[in-house]
Amino acid sequence: MAIKTRSCYVDGKRDMTIDEFKRWLSKFDEDNDGRISKDELADAIRASGGWFARRKSKQAMQAVDANDNGFIDDNEIKNLVEFAEKHLNVRILFF
């Protein structure tokens, strides 16, 4: 399942709105609890064509999971957006 976005620029980054990013990410929430686990995040990274998905998901959890509960929830989505822009070739557009 590739990331479907508006466009891809010369720098290789895919543009999407924050809502598109959340909707895309929610497709990997296998247990529908509204949170993303490390394994679910690895599946999302792999589906987007990313390499080393397990390692990147571990790095993301360490950088993003502010309360150290092992999940990314709505309160931490801003942190995940920042990580995705730096490490996953995504540019999030805020309208």
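Buried means under 20% relative accessible area. S48 has a relative accessible area of 14%, so S48 is buried in this predicted model.

**S48 and its surroundings**

S48 sits in the loop between helix 2 and helix 3. A polar atom of the S48 side chain lies 2.8 Å from the backbone oxygen of I45.

**Annotated segments**

The UniProt annotation "domain: EF-hand" comes from an unreviewed entry. That record places the domain at residues 16–51 and again at residues 52–87.

**The nonpolar core**

The largest nonpolar core holds 24 residues. Within this core, F21, L25, L41, I72, L80 and I92 have the most contacts. At least two core residues come from each of helix 1 (18–26), helix 2 (38–47), helix 3 (53–64), helix 4 (77–87) and strand 4 (90–93). Helix 4 supplies the largest share, 5 residues.

**Contacts of I92**

Which residues does I92 touch, not counting residues up to four places away in sequence? The list is M16, T17, I18, F21, V81 and E85. One of these partners, F21, is also among the core residues with the most contacts, as is I92 itself.

Key. Residues are numbered from 1 along each chain as its sequence is written. This is a predicted model: local features need pLDDT of at least 70, side-chain atom pairs count only at pLDDT 80 or more; totals for chains, interfaces and linings use all residues. Side-chain values use heavy atoms; hydrogens and water are left out. UniProt positions are given in the numbering used here, feature names are shortened, and annotations may be inferred rather than shown by experiment. A nonpolar core is a set of buried Ala, Val, Leu, Ile, Met, Phe, Trp, Tyr and Cys residues joined through side-chain atoms within 4.5 Å. Buried means under 20% relative accessible area, exposed over 50%, partly exposed in between (1.4 Å probe, protein chains only). Helices (H or I, at least four residues) and strands (E, at least two) are DSSP runs, numbered from the N terminus. Contact means heavy atoms within 4.5 Å. A polar contact is a pair of N or O atoms within 3.5 Å; within protein, one must be able to donate a hydrogen and the other to accept it, and residues adjacent in sequence count only if both atoms are side-chain atoms.
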